[in-house]
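Q: Hi! I have a protein open on my screen and would like a friendly tour. Can we go through it together?

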Amino acid sequence: PNEKLFTGEPARLGSTRTQKPPFEAKNPFLAPITVNRELHKKGDRSCMHIEFDITGSRIRYDAGDHIAVYPTNNSDLVERFGQRLNTDLGKMFSLNNVDEDASKKHPFPCPTTYRTALLHYLDITSCPRTNVLKELSDYTEDGKDKAFLQQMAQATPEGKELYNDWIINHHRTLLHVLEDLPSLKPPIDHVCELMPRLQARYYSISSSPKISATTVAITAVLIEYTTKTGREQLGVATSWLKLKNPTEDLKPTAPVFVRKSQFRLPFKPSIPVIMIGPGTGLAPFRGFIQDRQCQRKDGKPVGETVLFFGCRHKDEDFIYENELNEFLADGTLTKMHVAFSRDQNEKVYVQHLLRQQKEEVWRLFELGGHVYVCGDARHMAHDVDEVLHDIVSEYGEMTREKASDYLKKMRSRGRYSCDVW
């Protein structure tokens, strides 16, 4: 093999062949996957529990940290690029920055092959930005297509509307644009230059090092849907991880590194905690609960541990149900409130349960308790925050403004933490 050719390493040539600590973003650890099991009991959605073995890596983590995974793009999509652009993907190339003084000489590790760039270095599944469409318009002889691309790239209300509909709402990727406008004939080098860099994916760690310091677990929902153009869209990382099934003899690997977070259990185990995490928002709390269980076994005084969890159906996507019931039975979990949003006519979410338990929540706040929220930032975290404002307002007999100050103070003291996406 060509010694000077990058084959997917994020930064240092040969870093995946000869692994040397410390491991971080530019030097990830190839962690063997030892467990990959389905958490949903039935239904058409999939949620994976995956365990990485970090033995010998010197990587340390705490419950609440994140693990980053460098995924590989779908090889069928990559081959479609090669066919559409009429290119031999095995060919070696290098993209060099024309600005001699630029700190980055290349947009991604070079030299490499077109196939490696499309598999490991380029984000080929996101929607292209308007400036990319404008540049592509130079590569068509068809006046209609040229005008169409140029119109979408314009900052006019019509241009924005057209772009939002044709690109965003129909989730067209660069490959889809090329497939739907056959008159486009851009050179592959320019296409590689226009695409953003493929980023690592971050997951909340769903295990505690107190149980196993050499195992890192994640809890991830498989992303797959059909776009308005009838194309199947797959989550880059989750669809790639889904196929990494370990056997007795073979443990597939993934390049990973750990990112420290501020999402931490109180330093004193005796402080009560309220954890609010529907769906995969449960992930870091599995680690937290394991931590508290170990502290109890060590004879430390552990405060109340209350969990609010939510999913669609009890018999479908209640993940880690048996484990949680065991934590409840052995007293590690003081209380568990579960919302099954679709098991009755009216939808019930964690924020509704929180409101029902408002007296309890206020009691734990007054005892100096910590509250943690994990999961969907768009709706859930906002709704939970609203309920917390109402609880503080009602039981603390404060105005809305004073309640807001109370929660701000809790945040600044590390007593109200969010891990949302």
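A: Happy to! One term before we start: a pocket here is an open set of grid points where a 1.4 Å probe fits, with protein on both sides within 12 Å along at least five of seven lines. Its volume is the space filled by probe spheres set on the points. With that in hand, the second largest pocket has a volume of about 610 Å³. Please keep in mind that this is a predicted model.

Q: Which residues lie nearest the centre of that second largest pocket?
A: Gly8, Glu9, Pro10, Tyr70 and Arg197 do, out of 29 lining residues. Helix 2 (114-121) and strand 10 (253-259) each supply at least two residues of the lining. Strand 10 has the largest share, with 4 residues.

Q: And what classes of residue line the second largest pocket?
A: By class there are 16 nonpolar, 7 polar and 6 charged residues.

Q: How much space is in the largest pocket?
A: About 1400 Å³. Its lining counts 48 residues, and the closest to the centre are Val221, Gly279, Thr280, Asp376 and Trp421. By class, that lining has 20 nonpolar, 15 polar and 13 charged residues.

Q: Which element gives the largest share of the lining of the largest pocket?
A: That would be strand 6, with 4 residues. Other elements supply at least two residues each, including strand 7 (215-221), helix 8 (236-242) and helix 14 (380-395).

Q: Let's look at strand 7. How many of its residues are buried?
A: Strand 7 is mostly covered, with 6 of its 7 residues buried. Strand 2 (residues 47-53) runs antiparallel to strand 7, and 7 bridges join the two. In that pairing, Cys47 stands opposite Val221.

Q: What about Arg45, where is that?
A: Arg45 sits in the loop between strand 1 (29-38) and strand 2. Along the chain, Arg45 and Ile223 are 178 residues apart, yet their C-alpha atoms are separated by 8.6 Å.

Q: Why is Arg45 called partly exposed?
A: Because its relative accessible area is 27%, and partly exposed covers the range between under 20% for buried and over 50% for exposed. Leaving aside residues up to four places away in sequence, Arg45 touches Glu38, His40, Arg312 and Asp317.

Q: Gln290 next: buried or exposed?
A: Gln290 counts as buried because its relative accessible area is 7%, and the cut-off for buried is under 20%. You'll find Gln290 in helix 9 (residues 283-297). Not counting residues up to four places away in sequence, Gln290 touches Ser207, Ser208, Ile211 and Phe327.

Q: Changing topic: which residues touch the most other members in the largest nonpolar core?
A: Phe81, Phe108, Leu118 and Val177, in a core of 37 residues. Several helices each supply at least two residues of this core, among them helix 1 (75-84), helix 3 (130-136) and helix 7 (188-194). Helix 2 gives the most, with 5 residues. Apart from this core lies another of 27 residues, including Val348, Val361, Ile391 and Tyr416.

Q: Which residues of helix 5 are buried?
A: Gly159, Tyr163, Trp166 and Ile167. The buried residues of helix 5 pack against helix 3, helix 4 and helix 6. Just after helix 5, His171 takes a positive phi of about 35 degrees.

Q: Let's zoom out. How many helices and strands does the protein have?
A: There are 15 helices and 15 strands. The C-alpha atoms fill a box of roughly 70 × 55 × 45 Å along the principal axes. Of the 421 residues, 50% are buried.

Methods
Residues numbered from 1 in each chain as written. Predicted model: local features only at pLDDT ≥ 70, side-chain atom pairs only at ≥ 80, totals over all residues. Heavy atoms only, no water. 1 Å grid on protein atoms, 1.4 Å probe; cavity = no way out; pocket = protein on both sides within 12 Å on 5 of 7 lines; lining within 4 Å. Nonpolar A, V, L, I, M, F, W, Y, C, P; charged D, E, K, R; others polar. Core = buried A, V, L, I, M, F, W, Y, C linked by side-chain atoms within 4.5 Å. Buried < 20%, exposed > 50% of the residue type's maximum accessible area, 1.4 Å probe, protein only. Contact = heavy atoms within 4.5 Å. Pairing = 2+ DSSP bridges.
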